[in-house]
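Reader: Please walk me through this model by question and answer, with the values given as computed.

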Amino acid sequence: MSLPFRRAKPSALAILAVAVLMIVRLPALADGQFVDGIEDLPLMPELQSVPAASVDFDGLAGRIVVAFAEGKVAMEDVRAFYDATLPQLGWDRLEADRWARAGEELSLDAVAERGGLVVRFELVPR
């Protein structure tokens, strides 16, 4: 039994477009990690999440997230990474280590530990 329609073969341009999208997206999937509980906040590549220390709460006023990451990196580098990254994601800088977007406020701070840093991310309703 044959079908009453023919399946169109994908064009070379369509195949190329899909291949390019996959190549561009795969490194982002492989390397691109996000801060625990904040699905659209990239984690600086030199940092590793500390999931056991993170807290995530959704309430009537909004979500509250406190997440931690650690790594052998200087706070100046963390600031530089997020100062460059956050505005591209719609965050407005309020002051050093504080940003606002869509009714939420994000702040960062860090503590030196074992030759590196433990960075604390806090997201609260604005």
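**Fold and core**

Author: From the N terminus on, the elements of the protein chain run α-β-β-β-α-β-β-β-β. The model is predicted.

Reader: How many helices and how many strands are there in the protein chain?

Author: The order of elements is α-β-β-β-α-β-β-β-β. Counted by type, the protein chain holds two helices and seven strands.

Reader: What percentage of the residues in the protein chain is buried?

Author: A residue counts as buried under 20% relative accessible area. The protein chain has 126 residues, and the buried share is 28%.

Reader: What part of the accessible surface of the protein chain belongs to carbon and sulfur atoms?

Author: The accessible surface comes to about 8,600 Å². Of that area, the part on carbon and sulfur atoms is 62%.

Reader: Which element gives the most residues to the largest nonpolar core?

Author: This core has 22 residues, and those touching the most other members are V35, L41, L47, V78, Y82, L106 and F121. At least two residues each come from β3 (62-71), α2 (75-85), β6 (104-113) and β7 (116-125). With four residues, the element that gives the most is β7.

Reader: Which residues does L106 touch, not counting residues up to four places away in sequence?

Author: L106 is among the core residues that touch the most other members. Beyond four places in sequence, the residues touched by L106 are I38, L41, L86, W91, D97, R98, W99, E122 and L123.

**Aromatic rings**

Reader: How many aromatic pairs does the count come to?

Author: Rings pair if their centres lie within 6.5 Å. By this rule the count is two.

Reader: Why is the pair of F81 and Y82 edge-to-face?

Author: A pair of aromatic rings is described by the distance of the centres and the angle of the planes. For F81 and Y82 the centres are 4.8 Å apart. Planes over 60 degrees apart count as edge-to-face. The planes of F81 and Y82 therefore make an edge-to-face pair, at 85°.

Reader: How many residues apart are Y82 and F121?

Author: The ring centres of Y82 and F121 are 5.6 Å apart and the planes are at 75°, so this pair is edge-to-face. Y82 sits in helix α2 and F121 in strand β7, and the pair links distant parts of the chain, 39 residues apart.

Reader: Which residues do the ring pairs link into a cluster?

Author: Y82 pairs with F81 and with F121. Both Y82 and F121 are buried. The cluster linked by the ring pairs consists of F81, Y82 and F121.

**Strands and loops**

Reader: Which residue in β3 stands opposite D56?

Author: Strand β2 (residues 55-59) runs antiparallel to β3, and five bridges join them. A hairpin through two residues connects β2 to β3. Opposite D56 stands V65.

Reader: Is S107 buried or exposed?

Author: S107 has its place in strand β6. Its contacts beyond four places in sequence are D97, R98, R120, F121 and E122. The relative accessibility is 16%, under the 20% cut-off, so S107 is buried.

Reader: By what distance are the C-alpha atoms of V124 and V66 separated?

Author: V124 lies in strand β7 and is partly exposed, at 22% relative accessible area. Its contacts, leaving aside neighbours within four places, are R63, I64, G103, E104 and E105. V66 is 58 residues away along the chain, and the C-alpha separation is 8.7 Å.

Reader: What is the phi of A102?

Author: Most residues other than glycine have a negative phi, and most peptide bonds are trans. A102 is in the loop between β5 (98-101) and β6 and counts as exposed at 76% relative accessibility. A102 is not a glycine, yet its phi is positive, about 45°.

Reader: Near what value is the phi of R114?

Author: R114 is found in the loop between β6 and β7. At 62% relative accessibility, R114 counts as exposed. This residue other than glycine has a positive phi, near 50°.

Methods: Residues are numbered from 1 along each chain as its sequence is written. This is a predicted model: local features need pLDDT of at least 70, side-chain atom pairs count only at pLDDT 80 or more; totals for chains, interfaces and linings use all residues. Side-chain values use heavy atoms; hydrogens and water are left out. A nonpolar core is a set of buried Ala, Val, Leu, Ile, Met, Phe, Trp, Tyr and Cys residues joined through side-chain atoms within 4.5 Å. Buried means under 20% relative accessible area, exposed over 50%, partly exposed in between (1.4 Å probe, protein chains only). Contact means heavy atoms within 4.5 Å. Rings of Phe, Tyr and Trp (its six-membered ring) pair if their centres lie within 6.5 Å; planes under 30 degrees apart count as stacked, over 60 as edge-to-face and the rest as tilted. Two strands pair if DSSP finds at least two bridges between them. Accessible areas come from the Shrake-Rupley method with a 1.4 Å probe; for residues, only the protein chains shown count as cover.
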